[in-house]
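Subject: Structure handover

Hello,

Here is the structure I said I would pass on. Please open it first, and then read the notes below with it on your screen.

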Amino acid sequence: MIMFPGKGSSSDLRIITNEELIGNVTIRVTQAYQGSKILKKEWGTKTGFYMNLQLGSQEQKTSITSQPSWNENLEFSVFQYKFACTATLCKGSSKKIGQGSVVLEAPALIDGQLISLNLLQKKKPIGQIKLYAKFTRLKNINTDLESLALTQPLFLSILFDAYDPTSASEPPDIIAMALYELFSHHDRLLDLMKYIIRYEADRVDEIALMLRDESPSVRILSKYVRLTGEEFLVKFIKIILPSIISEKGSVELDPSKIDPRDEITQNQTNMIEKANLLFTAIFSNFMYIHPNIRELCREIIRVITVRFPSQESIGLGGVIFLRYISPCIVAPDSVVPTYKDDLVPKVRRTLVLLTKILQALSNNVMFGEKEPFMVCMNDLLDQNRPKMQKFIEDILNCQSIPATSTVTDCELSPVPTTVFENLSNYLINHNDKIFDCIEKRLTKNQSDEKELSSLSKRLKTLIEGIKSSKAKLTSSTSSLSSSTSSLSASSPI
(Lines give C-alpha, C1' and ligand atoms only; values in the text may rest on other atoms or scores of the structure.)
Protein backbone atom coordinates (compact mmCIF):
# COMPACT_ATOMS: atom_id res chain seq x y z
CA MET A 1 0.00 0.00 0.00
CA ILE A 2 1.60 3.26 -1.13
CA MET A 3 0.77 6.70 0.24
CA PHE A 4 0.82 9.45 -2.34
CA PRO A 5 0.41 13.18 -1.68
CA GLY A 6 -2.83 14.50 -3.05
CA LYS A 7 -4.02 18.04 -3.48
CA GLY A 8 -3.51 20.30 -0.53
CA SER A 9 -1.01 19.95 2.27
CA SER A 10 1.64 17.29 2.61
CA SER A 11 -0.60 15.34 4.99
CA ASP A 12 -3.40 15.11 2.43
CA LEU A 13 -2.70 11.63 1.13
CA ARG A 14 -4.52 9.22 -1.13
CA ILE A 15 -3.97 5.48 -0.92
CA ILE A 16 -3.01 3.35 -3.91
CA THR A 17 -3.36 -0.37 -3.31
CA ASN A 18 -0.77 -2.16 -5.40
CA GLU A 19 1.93 -4.17 -3.67
CA GLU A 20 4.07 -5.35 -6.56
CA LEU A 21 7.67 -4.94 -5.49
CA ILE A 22 9.65 -3.41 -8.35
CA GLY A 23 12.88 -2.37 -6.69
CA ASN A 24 14.68 -0.49 -3.92
CA VAL A 25 15.55 3.16 -3.55
CA THR A 26 18.55 4.23 -1.49
CA ILE A 27 18.34 7.80 -0.18
CA ARG A 28 21.47 9.42 1.21
CA VAL A 29 20.62 12.15 3.68
CA THR A 30 23.50 14.60 3.32
CA GLN A 31 22.93 17.87 5.14
CA ALA A 32 20.45 20.59 6.09
CA TYR A 33 20.96 24.25 5.29
CA GLN A 34 19.93 27.12 7.51
CA GLY A 35 17.45 29.29 5.72
CA SER A 36 15.85 31.41 8.44
CA LYS A 37 16.26 32.72 11.99
CA ILE A 38 13.93 30.01 13.29
CA LEU A 39 16.13 27.19 12.01
CA LYS A 40 19.33 28.93 13.14
CA LYS A 41 17.89 29.26 16.61
CA GLU A 42 16.89 25.61 16.78
CA TRP A 43 20.23 24.53 15.37
CA GLY A 44 22.12 26.48 17.97
CA THR A 45 20.77 24.41 20.86
CA LYS A 46 22.67 21.54 22.44
CA THR A 47 19.94 18.96 21.77
CA GLY A 48 20.75 16.66 18.86
CA PHE A 49 18.83 16.46 15.59
CA TYR A 50 17.87 13.72 13.15
CA MET A 51 16.03 13.38 9.85
CA ASN A 52 12.98 11.16 9.51
CA LEU A 53 12.19 9.91 5.97
CA GLN A 54 8.88 8.37 5.00
CA LEU A 55 7.96 6.57 1.77
CA GLY A 56 4.36 5.49 2.01
CA SER A 57 4.05 3.24 5.05
CA GLN A 58 7.83 2.87 5.35
CA GLU A 59 9.67 5.08 7.81
CA GLN A 60 13.36 5.35 8.71
CA LYS A 61 15.51 7.74 10.73
CA THR A 62 19.09 8.94 10.62
CA SER A 63 21.26 8.93 13.70
CA ILE A 64 21.14 11.92 16.05
CA THR A 65 23.87 14.51 15.43
CA SER A 66 24.73 17.96 16.72
CA GLN A 67 25.63 19.20 13.25
CA PRO A 68 23.41 19.57 10.12
CA SER A 69 25.19 16.74 8.33
CA TRP A 70 24.54 12.98 8.35
CA ASN A 71 25.74 11.36 5.10
CA GLU A 72 23.71 8.26 5.91
CA ASN A 73 21.98 5.88 3.49
CA LEU A 74 18.39 4.86 4.14
CA GLU A 75 16.93 2.08 1.98
CA PHE A 76 13.25 1.62 1.04
CA SER A 77 11.24 -0.84 -1.03
CA VAL A 78 9.52 0.59 -4.10
CA PHE A 79 6.13 -0.64 -5.28
CA GLN A 80 5.21 2.06 -7.80
CA TYR A 81 7.31 3.88 -10.37
CA LYS A 82 6.00 7.15 -8.93
CA PHE A 83 6.09 7.64 -5.16
CA ALA A 84 6.13 10.29 -2.48
CA CYS A 85 9.00 11.02 -0.11
CA THR A 86 8.41 13.06 3.07
CA ALA A 87 11.38 14.37 5.08
CA THR A 88 10.96 15.68 8.62
CA LEU A 89 13.66 17.43 10.62
CA CYS A 90 13.27 16.54 14.30
CA LYS A 91 14.83 17.78 17.51
CA GLY A 92 15.53 15.63 20.52
CA SER A 93 13.28 12.58 20.72
CA SER A 94 10.27 13.76 18.75
CA LYS A 95 9.88 17.52 18.27
CA LYS A 96 9.23 18.37 14.61
CA ILE A 97 11.03 21.46 13.34
CA GLY A 98 10.37 21.36 9.61
CA GLN A 99 8.86 19.08 7.00
CA GLY A 100 8.89 18.81 3.22
CA SER A 101 7.58 16.42 0.56
CA VAL A 102 8.47 15.59 -3.01
CA VAL A 103 7.11 13.15 -5.59
CA LEU A 104 9.86 11.05 -7.17
CA GLU A 105 9.87 8.90 -10.29
CA ALA A 106 11.92 5.72 -10.07
CA PRO A 107 13.25 5.68 -13.69
CA ALA A 108 14.74 9.14 -13.18
CA LEU A 109 16.66 7.85 -10.16
CA ILE A 110 18.40 4.91 -11.86
CA ASP A 111 21.61 6.89 -12.35
CA GLY A 112 21.15 8.75 -9.07
CA GLN A 113 19.72 12.24 -8.52
CA LEU A 114 20.48 15.10 -6.14
CA ILE A 115 17.33 16.51 -4.55
CA SER A 116 16.91 19.78 -2.70
CA LEU A 117 13.82 19.66 -0.48
CA ASN A 118 12.32 22.77 1.08
CA LEU A 119 11.53 22.43 4.79
CA LEU A 120 8.36 24.15 5.95
CA GLN A 121 7.14 25.14 9.39
CA LYS A 122 3.52 26.22 9.54
CA LYS A 123 3.64 26.47 5.74
CA LYS A 124 6.60 28.89 5.89
CA PRO A 125 10.02 27.95 4.44
CA ILE A 126 12.69 27.62 7.11
CA GLY A 127 15.49 25.82 5.26
CA GLN A 128 16.49 23.02 2.88
CA ILE A 129 17.57 19.40 3.10
CA LYS A 130 19.87 17.82 0.53
CA LEU A 131 19.13 14.22 -0.48
CA TYR A 132 20.71 11.90 -3.02
CA ALA A 133 18.37 9.15 -4.30
CA LYS A 134 19.25 6.11 -6.42
CA PHE A 135 16.78 3.48 -7.63
CA THR A 136 17.75 -0.16 -8.18
CA ARG A 137 15.40 -2.46 -10.06
CA LEU A 138 14.55 -5.79 -8.49
CA LYS A 139 13.19 -7.02 -11.78
CA ASN A 140 16.46 -8.92 -12.20
CA ILE A 141 15.03 -11.67 -9.98
CA ASN A 142 11.94 -12.08 -12.12
CA THR A 143 14.00 -11.74 -15.27
CA ASP A 144 16.36 -14.47 -14.10
CA LEU A 145 13.43 -16.75 -13.26
CA GLU A 146 11.92 -16.05 -16.66
CA SER A 147 15.20 -16.66 -18.45
CA LEU A 148 15.87 -19.92 -16.63
CA ALA A 149 12.43 -21.31 -17.37
CA LEU A 150 12.40 -20.29 -21.04
CA THR A 151 15.98 -21.18 -21.96
CA GLN A 152 17.14 -23.92 -19.55
CA PRO A 153 15.23 -27.21 -19.93
CA LEU A 154 17.35 -28.66 -17.12
CA PHE A 155 15.89 -26.04 -14.78
CA LEU A 156 12.39 -27.31 -15.61
CA SER A 157 13.55 -30.87 -14.94
CA ILE A 158 14.77 -29.88 -11.49
CA LEU A 159 11.49 -28.09 -10.72
CA PHE A 160 9.52 -31.19 -11.71
CA ASP A 161 11.92 -33.55 -9.90
CA ALA A 162 11.56 -31.56 -6.66
CA TYR A 163 7.78 -31.92 -6.53
CA ASP A 164 6.65 -34.16 -3.66
CA PRO A 165 3.48 -36.11 -4.60
CA THR A 166 3.11 -37.41 -1.02
CA SER A 167 2.66 -33.92 0.41
CA ALA A 168 -1.02 -33.15 0.92
CA SER A 169 -0.21 -29.47 1.37
CA GLU A 170 1.45 -29.21 -2.03
CA PRO A 171 -1.06 -29.28 -4.90
CA PRO A 172 0.64 -29.72 -8.28
CA ASP A 173 -1.45 -26.97 -9.88
CA ILE A 174 0.53 -24.12 -8.28
CA ILE A 175 3.83 -24.68 -10.07
CA ALA A 176 2.07 -26.18 -13.10
CA MET A 177 -0.09 -23.13 -13.73
CA ALA A 178 2.78 -20.72 -13.07
CA LEU A 179 4.83 -22.35 -15.84
CA TYR A 180 1.80 -22.64 -18.11
CA GLU A 181 1.07 -18.90 -17.83
CA LEU A 182 4.71 -17.96 -18.32
CA PHE A 183 5.13 -20.00 -21.51
CA SER A 184 1.70 -18.95 -22.75
CA HIS A 185 2.69 -15.30 -22.38
CA HIS A 186 5.67 -15.88 -24.67
CA ASP A 187 3.75 -18.09 -27.12
CA ARG A 188 6.02 -21.00 -26.21
CA LEU A 189 3.49 -23.56 -24.97
CA LEU A 190 4.15 -26.05 -27.75
CA ASP A 191 7.87 -25.94 -26.93
CA LEU A 192 7.02 -26.64 -23.29
CA MET A 193 4.80 -29.59 -24.25
CA LYS A 194 7.54 -31.14 -26.38
CA TYR A 195 9.96 -30.82 -23.50
CA ILE A 196 7.45 -32.43 -21.12
CA ILE A 197 7.11 -35.41 -23.47
CA ARG A 198 10.90 -35.88 -23.40
CA TYR A 199 11.02 -35.41 -19.64
CA GLU A 200 8.21 -37.90 -19.00
CA ALA A 201 9.77 -40.51 -21.28
CA ASP A 202 13.13 -40.18 -19.50
CA ARG A 203 11.80 -40.46 -15.96
CA VAL A 204 9.94 -43.79 -16.32
CA ASP A 205 11.39 -47.26 -16.82
CA GLU A 206 8.45 -48.63 -18.78
CA ILE A 207 6.05 -46.94 -21.13
CA ALA A 208 2.99 -48.17 -19.25
CA LEU A 209 3.88 -45.68 -16.49
CA MET A 210 4.29 -42.69 -18.79
CA LEU A 211 1.81 -39.85 -18.17
CA ARG A 212 -0.06 -41.96 -15.61
CA ASP A 213 0.33 -39.73 -12.53
CA GLU A 214 -0.87 -36.25 -11.59
CA SER A 215 2.52 -34.55 -11.44
CA PRO A 216 2.92 -30.86 -12.39
CA SER A 217 4.32 -31.77 -15.82
CA VAL A 218 1.37 -34.04 -16.60
CA ARG A 219 -1.08 -31.41 -15.35
CA ILE A 220 0.44 -28.88 -17.75
CA LEU A 221 0.16 -31.27 -20.67
CA SER A 222 -3.44 -32.19 -19.81
CA LYS A 223 -4.50 -28.56 -19.67
CA TYR A 224 -2.79 -27.76 -22.94
CA VAL A 225 -4.36 -30.52 -25.01
CA ARG A 226 -7.75 -29.90 -23.44
CA LEU A 227 -7.81 -26.16 -24.20
CA THR A 228 -5.97 -26.26 -27.51
CA GLY A 229 -8.00 -29.15 -28.92
CA GLU A 230 -11.47 -28.13 -27.79
CA GLU A 231 -12.93 -27.85 -31.30
CA PHE A 232 -12.46 -31.57 -31.98
CA LEU A 233 -13.80 -32.54 -28.55
CA VAL A 234 -16.99 -30.53 -28.98
CA LYS A 235 -17.53 -32.04 -32.41
CA PHE A 236 -17.49 -35.70 -31.42
CA ILE A 237 -19.24 -35.13 -28.06
CA LYS A 238 -22.20 -33.56 -29.88
CA ILE A 239 -22.35 -36.61 -32.14
CA ILE A 240 -22.20 -39.34 -29.49
CA LEU A 241 -23.94 -37.86 -26.44
CA PRO A 242 -27.51 -37.35 -27.77
CA SER A 243 -27.67 -41.06 -28.70
CA ILE A 244 -26.52 -42.09 -25.21
CA ILE A 245 -28.95 -39.73 -23.49
CA SER A 246 -31.91 -40.97 -25.54
CA GLU A 247 -31.04 -44.67 -25.14
CA LYS A 248 -33.97 -46.51 -23.53
CA GLY A 249 -32.21 -49.82 -23.05
CA SER A 250 -29.28 -50.66 -20.78
CA VAL A 251 -25.62 -51.10 -21.64
CA GLU A 252 -24.56 -52.43 -18.24
CA LEU A 253 -22.13 -55.36 -18.51
CA ASP A 254 -21.27 -55.99 -14.86
CA PRO A 255 -23.49 -58.84 -13.57
CA SER A 256 -23.50 -57.34 -10.09
CA LYS A 257 -25.06 -54.13 -11.45
CA ILE A 258 -27.45 -55.45 -14.12
CA ASP A 259 -31.16 -54.94 -13.57
CA PRO A 260 -32.87 -58.36 -13.20
CA ARG A 261 -35.25 -57.38 -15.98
CA ASP A 262 -32.44 -56.83 -18.49
CA GLU A 263 -30.92 -59.41 -20.81
CA ILE A 264 -27.12 -59.46 -20.72
CA THR A 265 -26.87 -60.28 -24.43
CA GLN A 266 -29.06 -57.32 -25.32
CA ASN A 267 -26.97 -55.06 -23.10
CA GLN A 268 -23.85 -56.25 -24.90
CA THR A 269 -25.45 -55.48 -28.26
CA ASN A 270 -26.43 -52.00 -27.04
CA MET A 271 -22.90 -51.37 -25.80
CA ILE A 272 -21.33 -52.50 -29.09
CA GLU A 273 -23.66 -50.14 -30.95
CA LYS A 274 -22.67 -47.20 -28.75
CA ALA A 275 -18.96 -48.06 -28.94
CA ASN A 276 -19.04 -48.19 -32.74
CA LEU A 277 -20.83 -44.85 -32.79
CA LEU A 278 -18.10 -43.42 -30.55
CA PHE A 279 -15.32 -44.85 -32.72
CA THR A 280 -16.88 -43.39 -35.86
CA ALA A 281 -17.37 -39.96 -34.24
CA ILE A 282 -13.70 -39.88 -33.21
CA PHE A 283 -12.03 -41.51 -36.20
CA SER A 284 -13.97 -39.63 -38.90
CA ASN A 285 -13.21 -36.18 -37.46
CA PHE A 286 -9.43 -36.48 -37.16
CA MET A 287 -8.95 -33.46 -39.42
CA TYR A 288 -10.34 -31.19 -36.70
CA ILE A 289 -7.62 -32.05 -34.23
CA HIS A 290 -5.58 -28.91 -33.71
CA PRO A 291 -2.30 -28.72 -35.73
CA ASN A 292 -0.32 -28.20 -32.51
CA ILE A 293 -1.66 -31.41 -31.03
CA ARG A 294 -0.80 -33.26 -34.24
CA GLU A 295 2.72 -31.84 -34.01
CA LEU A 296 2.85 -32.99 -30.39
CA CYS A 297 1.89 -36.50 -31.54
CA ARG A 298 4.75 -36.48 -34.04
CA GLU A 299 7.10 -35.48 -31.21
CA ILE A 300 5.83 -38.42 -29.14
CA ILE A 301 6.63 -40.79 -32.00
CA ARG A 302 10.15 -39.34 -32.33
CA VAL A 303 10.83 -39.65 -28.58
CA ILE A 304 9.24 -43.07 -28.01
CA THR A 305 10.97 -44.58 -31.05
CA VAL A 306 14.29 -43.95 -29.31
CA ARG A 307 13.28 -44.51 -25.68
CA PHE A 308 10.82 -47.41 -26.06
CA PRO A 309 11.15 -48.89 -29.58
CA SER A 310 8.05 -50.54 -31.07
CA GLN A 311 5.78 -49.07 -28.37
CA GLU A 312 4.92 -45.80 -30.08
CA SER A 313 1.17 -46.44 -30.15
CA ILE A 314 1.04 -46.86 -26.36
CA GLY A 315 2.88 -43.57 -25.86
CA LEU A 316 0.59 -41.85 -28.31
CA GLY A 317 -2.45 -43.29 -26.57
CA GLY A 318 -1.27 -41.80 -23.31
CA VAL A 319 -1.61 -38.30 -24.74
CA ILE A 320 -4.41 -38.58 -27.30
CA PHE A 321 -6.74 -40.74 -25.26
CA LEU A 322 -5.72 -40.81 -21.59
CA ARG A 323 -5.06 -37.05 -21.35
CA TYR A 324 -7.17 -35.63 -24.18
CA ILE A 325 -10.20 -37.59 -25.36
CA SER A 326 -11.10 -39.93 -22.47
CA PRO A 327 -11.46 -37.25 -19.74
CA CYS A 328 -14.02 -35.47 -21.92
CA ILE A 329 -16.01 -38.66 -22.49
CA VAL A 330 -16.23 -39.24 -18.74
CA ALA A 331 -17.17 -35.57 -18.13
CA PRO A 332 -18.64 -34.18 -21.38
CA ASP A 333 -20.14 -31.21 -19.54
CA SER A 334 -16.59 -29.89 -19.12
CA VAL A 335 -16.60 -29.37 -22.89
CA VAL A 336 -20.30 -28.73 -23.55
CA PRO A 337 -21.81 -27.37 -20.30
CA THR A 338 -25.38 -27.51 -21.65
CA TYR A 339 -25.34 -31.30 -21.22
CA LYS A 340 -24.83 -31.09 -17.47
CA ASP A 341 -28.47 -31.74 -16.51
CA ASP A 342 -28.64 -34.73 -18.87
CA LEU A 343 -25.83 -36.61 -17.17
CA VAL A 344 -27.95 -38.84 -14.95
CA PRO A 345 -26.27 -41.88 -13.32
CA LYS A 346 -27.27 -44.21 -16.20
CA VAL A 347 -25.66 -41.91 -18.77
CA ARG A 348 -22.50 -41.46 -16.71
CA ARG A 349 -22.16 -45.23 -16.31
CA THR A 350 -22.42 -45.67 -20.07
CA LEU A 351 -19.69 -43.09 -20.56
CA VAL A 352 -17.41 -44.82 -18.05
CA LEU A 353 -17.80 -48.17 -19.83
CA LEU A 354 -17.16 -46.56 -23.21
CA THR A 355 -13.99 -44.97 -21.83
CA LYS A 356 -12.75 -48.37 -20.65
CA ILE A 357 -13.26 -49.80 -24.14
CA LEU A 358 -11.56 -46.84 -25.82
CA GLN A 359 -8.56 -47.01 -23.49
CA ALA A 360 -8.14 -50.74 -24.07
CA LEU A 361 -8.26 -50.12 -27.82
CA SER A 362 -5.71 -47.30 -27.67
CA ASN A 363 -3.36 -49.29 -25.39
CA ASN A 364 -3.60 -52.32 -27.68
CA VAL A 365 -4.64 -54.63 -24.82
CA MET A 366 -7.49 -57.09 -24.25
CA PHE A 367 -9.84 -57.37 -21.28
CA GLY A 368 -9.07 -60.26 -18.95
CA GLU A 369 -9.17 -61.37 -15.32
CA LYS A 370 -9.12 -57.86 -13.89
CA GLU A 371 -12.52 -57.04 -15.41
CA PRO A 372 -13.99 -60.33 -16.66
CA PHE A 373 -17.38 -58.76 -17.44
CA MET A 374 -15.65 -56.70 -20.16
CA VAL A 375 -14.18 -59.73 -21.97
CA CYS A 376 -17.26 -59.80 -24.21
CA MET A 377 -15.92 -56.62 -25.82
CA ASN A 378 -12.66 -58.20 -26.99
CA ASP A 379 -14.05 -59.10 -30.41
CA LEU A 380 -15.06 -55.47 -30.82
CA LEU A 381 -11.51 -54.42 -29.97
CA ASP A 382 -10.06 -56.78 -32.58
CA GLN A 383 -12.42 -55.49 -35.24
CA ASN A 384 -11.49 -51.86 -34.61
CA ARG A 385 -7.70 -52.11 -34.25
CA PRO A 386 -7.11 -51.41 -37.97
CA LYS A 387 -9.34 -48.33 -37.66
CA MET A 388 -7.37 -47.15 -34.63
CA GLN A 389 -4.11 -47.58 -36.53
CA LYS A 390 -5.47 -45.59 -39.47
CA PHE A 391 -6.69 -42.88 -37.08
CA ILE A 392 -3.19 -42.52 -35.67
CA GLU A 393 -1.68 -42.39 -39.16
CA ASP A 394 -4.27 -39.77 -40.17
CA ILE A 395 -3.36 -37.59 -37.17
CA LEU A 396 0.35 -37.79 -37.93
CA ASN A 397 -0.04 -37.08 -41.66
CA CYS A 398 -2.93 -34.62 -41.70
CA GLN A 399 -2.05 -31.01 -42.57
CA SER A 400 -5.50 -29.70 -43.47
CA ILE A 401 -8.15 -27.55 -41.79
CA PRO A 402 -5.92 -25.42 -39.56
CA ALA A 403 -7.82 -24.42 -36.45
CA THR A 404 -8.27 -20.85 -35.32
CA SER A 405 -5.17 -19.77 -33.44
CA THR A 406 -5.52 -19.67 -29.68
CA VAL A 407 -2.48 -17.40 -29.29
CA THR A 408 -3.27 -14.02 -27.76
CA ASP A 409 -1.27 -10.83 -28.05
CA CYS A 410 0.38 -11.56 -24.74
CA GLU A 411 3.07 -8.95 -25.15
CA LEU A 412 0.47 -6.22 -24.61
CA SER A 413 0.43 -7.04 -20.90
CA PRO A 414 3.15 -8.07 -18.45
CA VAL A 415 3.52 -11.57 -17.08
CA PRO A 416 1.15 -11.77 -14.08
CA THR A 417 2.91 -11.06 -10.79
CA THR A 418 1.47 -14.28 -9.32
CA VAL A 419 3.56 -16.30 -11.80
CA PHE A 420 6.82 -15.03 -10.29
CA GLU A 421 5.44 -15.18 -6.75
CA ASN A 422 4.53 -18.85 -7.17
CA LEU A 423 7.84 -19.71 -8.84
CA SER A 424 9.77 -17.87 -6.11
CA ASN A 425 7.81 -19.55 -3.32
CA TYR A 426 8.32 -22.94 -4.94
CA LEU A 427 12.09 -22.42 -5.05
CA ILE A 428 12.23 -21.34 -1.42
CA ASN A 429 9.93 -24.10 -0.15
CA HIS A 430 11.87 -26.75 -2.09
CA ASN A 431 15.34 -25.34 -1.52
CA ASP A 432 16.86 -28.52 -0.05
CA LYS A 433 15.00 -30.85 -2.39
CA ILE A 434 16.11 -28.89 -5.45
CA PHE A 435 19.80 -29.25 -4.65
CA ASP A 436 19.29 -32.90 -3.70
CA CYS A 437 17.82 -33.45 -7.17
CA ILE A 438 20.82 -31.74 -8.75
CA GLU A 439 23.17 -34.02 -6.81
CA LYS A 440 21.24 -37.11 -7.89
CA ARG A 441 21.42 -36.05 -11.52
CA LEU A 442 25.16 -35.43 -11.17
CA THR A 443 25.59 -38.94 -9.83
CA LYS A 444 23.41 -40.46 -12.52
CA ASN A 445 24.80 -38.62 -15.54
CA GLN A 446 28.30 -37.17 -15.45
CA SER A 447 27.91 -35.76 -18.97
CA ASP A 448 25.66 -33.03 -17.53
CA GLU A 449 28.16 -32.10 -14.80
CA LYS A 450 29.17 -28.74 -16.25
CA GLU A 451 25.60 -27.64 -16.95
CA LEU A 452 24.32 -28.86 -13.58
CA SER A 453 27.15 -27.15 -11.68
CA SER A 454 26.44 -23.89 -13.48
CA LEU A 455 22.72 -24.23 -12.78
CA SER A 456 23.40 -24.98 -9.11
CA LYS A 457 25.45 -21.80 -8.66
CA ARG A 458 22.87 -19.72 -10.49
CA LEU A 459 20.03 -21.13 -8.40
CA LYS A 460 21.86 -20.48 -5.13
CA THR A 461 22.33 -16.84 -6.08
CA LEU A 462 18.74 -16.55 -7.27
CA ILE A 463 17.22 -18.13 -4.15
CA GLU A 464 19.35 -15.95 -1.89
CA GLY A 465 18.14 -12.91 -3.83
CA ILE A 466 14.51 -14.01 -3.49
CA LYS A 467 14.89 -14.54 0.25
CA SER A 468 16.57 -11.16 0.64
CA SER A 469 13.88 -9.30 -1.30
CA LYS A 470 11.13 -11.05 0.65
CA ALA A 471 12.83 -10.17 3.93
CA LYS A 472 13.01 -6.51 2.89
CA LEU A 473 9.38 -6.58 1.81
CA THR A 474 8.31 -8.09 5.14
CA SER A 475 10.37 -5.58 7.08
CA SER A 476 9.08 -2.60 5.11
CA THR A 477 5.42 -3.57 5.45
CA SER A 478 5.40 -4.93 9.02
CA SER A 479 4.65 -1.51 10.49
CA LEU A 480 1.93 -0.69 7.94
CA SER A 481 -0.93 -0.32 10.42
CA SER A 482 0.97 1.66 13.04
CA SER A 483 2.67 3.90 10.46
CA THR A 484 -0.59 4.64 8.68
CA SER A 485 -2.32 5.43 11.97
CA SER A 486 0.55 7.69 13.02
CA LEU A 487 0.51 9.50 9.67
CA SER A 488 -3.24 10.05 9.82
CA ALA A 489 -3.04 11.41 13.35
CA SER A 490 -0.19 13.81 12.64
CA SER A 491 -0.71 17.41 11.55
CA PRO A 492 1.44 19.72 9.39
CA ILE A 493 4.13 21.68 11.16
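Asn378 is buried, with a relative accessible area of 11%; buried means under 20% relative accessible area, exposed over 50%, and partly exposed in between, using a 1.4 Å probe and protein chains only. Asn378 is found in helix H12, residues 378-397. Helices (H or I, at least four residues) and strands (E, at least two) are DSSP runs, numbered from the N terminus. Leaving aside neighbours within four places in sequence, Asn378 is in contact (heavy atoms within 4.5 Å) with Met366 and Phe367.

Before you go further, note that this is a predicted model: local features need pLDDT of at least 70, side-chain atom pairs count only at pLDDT 80 or more, and totals for chains, interfaces and linings use all residues. Residues are numbered from 1 along each chain as its sequence is written, and side-chain values use heavy atoms, with hydrogens and water left out.

The chain as a whole

The chain has 16 helices and 10 strands. It has 493 residues, of which 48% count as buried. Of the contacts in the chain with a separation of 6 or more, 70% are between residues 24 or more positions apart.

Helices

Helix H12 also meets helix H8 (residues 264-283): their axes come within 11 Å and cross at roughly 5°. Axes here are lines fitted to C-alpha atoms, for helices over the stretch in contact, and angles run from 0 to 180 degrees between N-to-C directions. H8 and H12 are therefore roughly parallel to each other. Angles under 35 degrees count as roughly parallel, over 145 as roughly antiparallel, 65 to 115 as roughly perpendicular, and the rest as oblique. On the H8 side the residues in contact are Ile272, Ala275, Asn276, Phe279, Ile282 and Phe283, and on the H12 side Leu380, Asn384, Lys387, Met388 and Phe391. By class, the contact of H8 with H12 has 8 nonpolar, 2 polar and 1 charged residues. In this count Ala, Val, Leu, Ile, Met, Phe, Trp, Tyr, Cys and Pro are nonpolar, Asp, Glu, Lys and Arg are charged, and the others, Gly among them, are polar.

How do H10 and H11 cross? The axes of H10 (residues 312-330) and H11 (residues 345-362) come within 10 Å and cross at roughly 170°. That makes H10 roughly antiparallel to H11. The contact of H10 with H11 divides into 7 nonpolar, 6 polar and 1 charged residues. Among the residues that meet there are Ser313, Gly317 and Phe321 in H10, and Arg348, Leu351 and Thr355 in H11.

Ala178 lies in helix H4, residues 173-185. At 2% relative accessibility, Ala178 counts as buried. Ala178 and Phe420 are 242 residues apart along the chain, yet their C-alpha atoms are separated by 7.5 Å. Apart from neighbours within four places in sequence, Ala178 is in contact with Val419, Asn422 and Leu423.

Strands

Strand E7 (residues 82-91) has 9 of its 10 residues buried, so it is largely enclosed by the rest of the structure. Two strands pair if DSSP finds at least two bridges between them. E7 runs antiparallel to strand E4 (residues 49-55), joined by 6 bridges, and Met51 stands opposite Leu89 in E7. E7 is also joined to strand E8 (residues 95-105) by 10 bridges, again antiparallel, with Ala87 opposite Gly100 in E8. E7 and E8 form a hairpin with 3 residues between them, and Gly92 in the turn has a positive phi of about 65°.

Strand E10 (residues 124-137) pairs with strand E3 (residues 23-34) in the antiparallel sense over 10 bridges. Strand E9 (residues 113-121) is joined to E10 by 9 bridges, and these two run antiparallel. Which residue of E10 is the bridge partner of Ile27? That partner is Ala133, and Gln113 stands opposite Ala133 as well. E9 and E10 form a hairpin with 2 residues between them, where Lys122 in the turn has a positive phi of about 55°.

Ile27 is also one of the residues touched by Asn73, together with Thr26 and Arg28, not counting residues up to four places away in sequence. Asn73 is found in strand E6, residues 69-78, and is partly exposed, with a relative accessible area of 47%.

Regards
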